[in-house]
Amino acid sequence: MSNTNHHDLKKGPFDTWATTEARQGAEIKTVHVRVNSKAATRQAIIADIRRKKFDFRTRSDWKAKELAKNSKADWDYKAIAIHHAGNSYSCAADGLTELRRAEATDIKSFGNLSYHYAIDCHGVIYEALDIRFLGAHIEGGNSGVIGIVFLSDLSVRGEAAKYGPGVWNVMKKRGFRAGITEWIGEQKDKLDVTHDDPTENQLEAATALIATLLQFFEIKIIGGHREFAKTHGTNRPCPGVYGMIVVEMMRRDFNLMPP
């Protein structure tokens with residue numbers, strides 16, 4: 001494999017499988033094979049999660065749309081950002097249906113799904129964006145950050161106005177139409193009286209996913225979207241108050257730092 005990059009994989013043990021045919025009387029020797037490709041890392045992540053008995057569905061499994069031709073590569077991940085899908089999403093809906101909604105929205109804005117992994121309320125883990133490509137889940141700060149989204153609403157009423165960028169700021173930066181959209185979102189949020197609690201299945205799946213990612217990347221940081229946004233001079237309510245409880249729990253359990 002002359003075209004491999006020796007920095008593609010984190011150093012350490014790597015499990016793979018092969019078949020061999022032995023002839024009677026022949027000596028069988030085991031050979032340690034070093035595999036240094038990003039594709040192999042992606043597959044190893046999937047295999048590890050499935051080995052832990054979690055339902056992991058690849059982009060091919062759930063028939064994701066093809067990646068945009070101008071998709072940018074990314075690697076050397078150092079951080080994980082936790083998101084929630086938002087007020088219009090719910091655990092009452094089918095997880096795959098919610099993921100397809102998110103895909104349609106993100107393709108309009110970014111050309112691809114913006115997150116690398118999605119977790120529905122039953123604990124199914126979806127490959128949203130291939131880990132080899134740059135996400136679009138943090139404005140101005142996607143490189144080196146893996147995005148994980150909970151396909152649910154983990155916020156409470158009023159968080160959009162309290163933690164969001166503000167109508168005036170959005171209007172100055174993106175124009176009148178974007179400002180109106182932000183205003184409408186804030187008004188809807190003021191009337192939103194429902195939310196989802198993170199389910200046990202989601203928490204178990206998120207814990208397993210993060211543990212696996214730590215095996216393959218030198219992750220030092222985990223944070224909520226709103227925390228990453230602040231480091232880039234913006235404000236976001238995501239992942240909601242309940243999402244931030246998840247972030248703090250994962251930060252403690254895995255001994256990771258905030259952004």
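**View 1. Cys 91 counts as partly exposed in this predicted model.** Its relative accessibility is 22%. A disulfide is a covalent bond between the sulfur atoms of two cysteines. Cys 121, at 10% relative accessibility, counts as buried.

**View 2. The disulfide of Cys 91 and Cys 121 is left-handed.** The angle about its S-S bond is -75°. What does the pair tie together? Cys 91 belongs to the loop between strand S2 (79-84) and helix H2 (95-110), while Cys 121 belongs to the loop between strand S3 (117-119) and strand S4 (125-127), so the link joins parts that are 30 residues apart in sequence. The disulfide count for the model is 1. Another cysteine to look for is Cys 238, which is buried with a relative accessible area of 9%.

**View 3. Six strands form an open sheet with mixed pairing.** Which strands stand at the edges? They are strand S1 (56-57) and strand S6 (221-224); each has a single partner strand, so one side of each has no neighbour in the sheet.

**View 4. S3 and S4 pair in the antiparallel sense.** Strands of a sheet pair through backbone hydrogen bonds, either parallel or antiparallel. Here S3 and S4 are joined over 3 bridges. To find your way, look for Ala 118, which stands opposite Tyr 126 in S4.

**View 5. Asn 142 is a buried residue in a loop.** Find this loop between S4 and strand S5 (145-150). The relative accessible area of Asn 142 is 14%. What lies 2.7 Å from a polar atom of its side chain? It is the backbone oxygen of Ile 138. Leaving aside neighbours within four places in sequence, Asn 142 is also in contact with Asp 74, Leu 134, Gly 135, Ala 136 and His 137.

**View 6. Stepping back, the protein chain has 8 helices and 6 strands.** From the N terminus on, these elements run α-β-β-α-β-β-β-α-α-α-α-β-α-α. Of the 259 residues, 46% count as buried. Among contacts between residues at least 6 apart in sequence, 77% join residues at least 24 apart. The accessible surface comes to about 14600 Å², and 52% of it belongs to carbon and sulfur atoms.

Notes:
Residues are numbered from 1 along each chain as its sequence is written. This is a predicted model: local features need pLDDT of at least 70, side-chain atom pairs count only at pLDDT 80 or more; totals for chains, interfaces and linings use all residues. Side-chain values use heavy atoms; hydrogens and water are left out. A disulfide is a pair of cysteine sulfur atoms within 2.5 Å. Helices (H or I, at least four residues) and strands (E, at least two) are DSSP runs, numbered from the N terminus. Buried means under 20% relative accessible area, exposed over 50%, partly exposed in between (1.4 Å probe, protein chains only). Two strands pair if DSSP finds at least two bridges between them. A polar contact is a pair of N or O atoms within 3.5 Å; within protein, one must be able to donate a hydrogen and the other to accept it, and residues adjacent in sequence count only if both atoms are side-chain atoms. Contact means heavy atoms within 4.5 Å. Accessible areas come from the Shrake-Rupley method with a 1.4 Å probe; for residues, only the protein chains shown count as cover.
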